[in-house]
Amino acid sequence: METPAAAAPAGSLFPSFLLLACGTLVAALLGAAHRLGLFYQLLHKVDKASVRHGGENVAAVLRAHGVRFIFTLVGGHISPLLVACEKLGIRVVDTRHEVTAVFAADAMARLSGTVGVAAVTAGPGLTNTVTAVKNAQMAQSPILLLGGAASTLLQNRGALQAVDQLSLFRPLCKFCASVRRVRDIVPTLRAAMAAAQSGTPGPVFVELPVDVLYPYFMVQKEMVPAKPPKGLVGRVVSWYLENYLANLFAGAWEPQPEGPLPLDIPQASPQQVQRCVEILSRAKRPLMVLGSQALLTPTSADKLRAAVETLGVPCFLGGMARGLLGRNHPLHIRENRSAALKKADVIVLAGTVCDFRLSYGRVLSHSSKIIIVNRNREEMLLNSDIFWKPQEAVQGDVGSFVLKLVEGLQGQTWAPDWVEELREADRQKEQTFREKAAMPVAQHLNPVQVLQLVEEMLPDNSILVVDGGDFVGTAAHLVQPRGPLRWLDPGAFGTLGVGAGFALGAKLCRPDAEVWCLFGDGAFGYSLIEFDTFVRHKIPVMALVGNDAGWTQISREQVPSLGSNVACGLAYTDYHKAAMGLGARGLLLSRENEDQVVKVLHDAQQQCRDGHPVVVNILIGRTDFRDGSIAV
């Protein structure tokens with residue numbers, strides 16, 4: 001028989017169990033109250049009478065960060081933020097395709113040293129930007145993409161244009177966030193802007209659901225039933241919706257800091273700089289390759305140029321570093337890079353990556369001492385386990401590093417015969433191009449001759465935007481940017497279609513500059529409709545279209561290797577007339593007026609200076625640099 005003493009311990013478990021159950025229930029209730037925002041609402045009220053909206057918070061943060069332009073293609077999801085930007089003096093520039101808006105923001109970021117901003121509507125509006133965002137990621141351009149979205153309450157419930165946008169952009173962006181309450185707009189945007197510029201710059205994405213952008217009374221009308229429902233379930237649902245709405249707007253208009261957050265920019269250590277100084281001081285044939293990262297803030301282009309000139313090391317310039325030394329500078333070597341890299345005993349890769357552009361590192365000699373500096377460690381060491389090894393790998397800001405390197409090498413000089421040897425290769429290449437320019441063609445114009453004339457005419461205040469394959473590849477050899485930050489190409493992604501967006505951002509960022517766009521005829525197809533944008537916004541840019549009626553860069557390889565020109569043929573389309581139909585000016589250059597090439601280009605330049613966007617359709621033959629011939 002069980003005794004009372006034995007039964008007592010079992011009975012004493014009941015109060016403990018009850019206490020645990022009560023504690024669990026209280027914790028669950030507190031957690032639910034927190035998630036429902038009940039505690040926050042006790043301290044932060046909702047101004048139900050206010051007509052303010054979340055778009056005003058967006059615009060305030062942008063203005064506090066010095067944003068002067070926002071590029072967009074309008075949609076109902078984002079209308080409040082566009083209207084608010086307009087009211088605060090931020091110019092809203094609408095394009096005919098969302099990808100152009102992001103390309104324009106990219107150009108703005110590259111030329112201004114700040115964050116370029118684009119805003120597009122939900123769903124297909126955002127998916128249309130994917131190529132441009134990826135291009136910005138690979139070009140390391142700090143852009144902020146603002147995307148509309150379905151109401152927070154209706155996501156994953158089949159709402160119009162509702163897709164999982166964050167999953168789409170996470171692989172492309174440094175920072176992705178969806179704003180869930182109006183009060184979160186300001187801190188989220190500040191964090192996004194800082195992320196875009198810190199470390200290795202790149203794109204960031206902030207999703208703004210429609211109910212955090214519109215005013216309280218409009219969201220209430222859509223969210224809460226006008227007539228109180230009957231029945232217990234209906235009342236519970238009604239209370240939930242009213243509380244959800246209150247939490248959405250609680251504390252929405254309370255003052256918050258709007259300005260920029262501190263940036264995190266990596267710097268080379270003094271010890272690393274000193275080791276690099278010692279390596280370079282012993283060089284006999286030093287060579288520097290400068291890439292786009294060298295032009296990032298905080299180092300100004302003028303300071304970097306002065307440092308490179310003081311250093312006295314011959315250099316190749318790529319990406320946004322093109323034009324750093326101006327036109328025909330004795331230290332700027334333009335041709336036969338692979339051969340020069342094989343001969344150099346010390347090579348400084350400053351913001352340059354050993355990807356396909358340097359044959360994955362195979363162009364570097366194993367006997368050379370390699371110094372590489374880059375903000376991104378993974379990029380810095382790319383392929384170093386296979387084809388090359390750095391003597392010194394420095395993770396830090398490139399421009400700052402170069403300035404410190406020059407300080408440590410004050411008074412250091414190198415034998416002039418090394419630079420002269422490299423420049424002689426340039427002179428030989430220039431002579432080859434002069435010979436190509438003199439070659440007759442069966443039909444149309446010689447593209448080398450046309451581009452040489454462009455090089456002679458290009459003004460000192462010009463910005464070159466290049467978008468294409470064959471024609472642009474030729475131009476890269478012949479047409480020189482006149483100064484730093486005066487050359488815009490897509491970058492490592494090799495994207496066709498950047499032209500109109502880059503031109504748009506460039507002209508708005510530098511209104512006193514002449515923007516000359518060099519297009520292949522294939523690439524121009526992406527940009528043609530945006531001449532409507534240039535006309536509407538009174539943005540004068542000049543487009544020179546090298547029209548050889550084909551995707552010639554592809555055809556040149558496809559036909560000999562596979563025996564067919566399928567899908568490579570285009571027509572000698574009247575692009576100038578199409579542009580005129582959009583309200584721009586259009587001119588034609590062909591065999592019929594080949595003696596007036598200079599006059600036509602001058603006419604186009606003058607019309608652009610008078611405030612008109614201009615398209616010059618240039619009918620050209622096809623250049624083949626492999627065997628020195630020019631074909632039709």
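The end C-alpha atoms of residues 53-167 lie 27 Å apart, and this span is 45% helix and 18% strand, with helices (H or I, at least four residues) and strands (E, at least two) taken as DSSP runs numbered from the N terminus. In UniProt, an unreviewed entry annotates residues 53-167 as "domain: Thiamine pyrophosphate enzyme N-terminal TPP-binding"; UniProt positions follow the numbering used here, feature names are shortened, and annotations may be inferred rather than shown by experiment. The model is a predicted one, in which local features need pLDDT of at least 70 and side-chain atom pairs count only at pLDDT 80 or more, while totals for chains, interfaces and linings use all residues. Residues are numbered from 1 along each chain as its sequence is written, and side-chain values use heavy atoms, with hydrogens and water left out.

Two further annotations come from the unreviewed UniProt entry. For residues 467-618 the record gives "domain: Thiamine pyrophosphate enzyme TPP-binding", and here the chain is 42% helix and 17% strand, with end C-alpha atoms 15 Å apart.

Turning to the domain division, the chain splits into domain 1 (54-249), domain 2 (270-421) and domain 3 (439-619), with bounds that come from an automatic or database domain assignment. The centres of domain 2 and domain 3, taken over C-alpha atoms, are 32 Å apart. Their contact takes 15 residues from domain 2 and 15 residues from domain 3, contact meaning heavy atoms within 4.5 Å. About 1,400 Å² is buried between domain 2 and domain 3, and carbon and sulfur atoms give 50% of that area; buried area is the accessible area (1.4 Å probe) that two parts lose on being put together, summed over both.

Across the interface of domain 2 and domain 3 there is 1 salt bridge, defined as a side-chain nitrogen of Lys or Arg within 4 Å of a carboxyl oxygen of Asp or Glu. R327 forms a salt bridge with E455, where the closest N and O atoms are 2.7 Å apart.

The structure as a whole holds 20 salt bridges. Among them is the pair R427 and E424, whose closest N and O atoms are 3.2 Å apart. Both R427 and E424 sit in helix α18 (residues 416-437), 3 residues apart, or about one turn of the helix.
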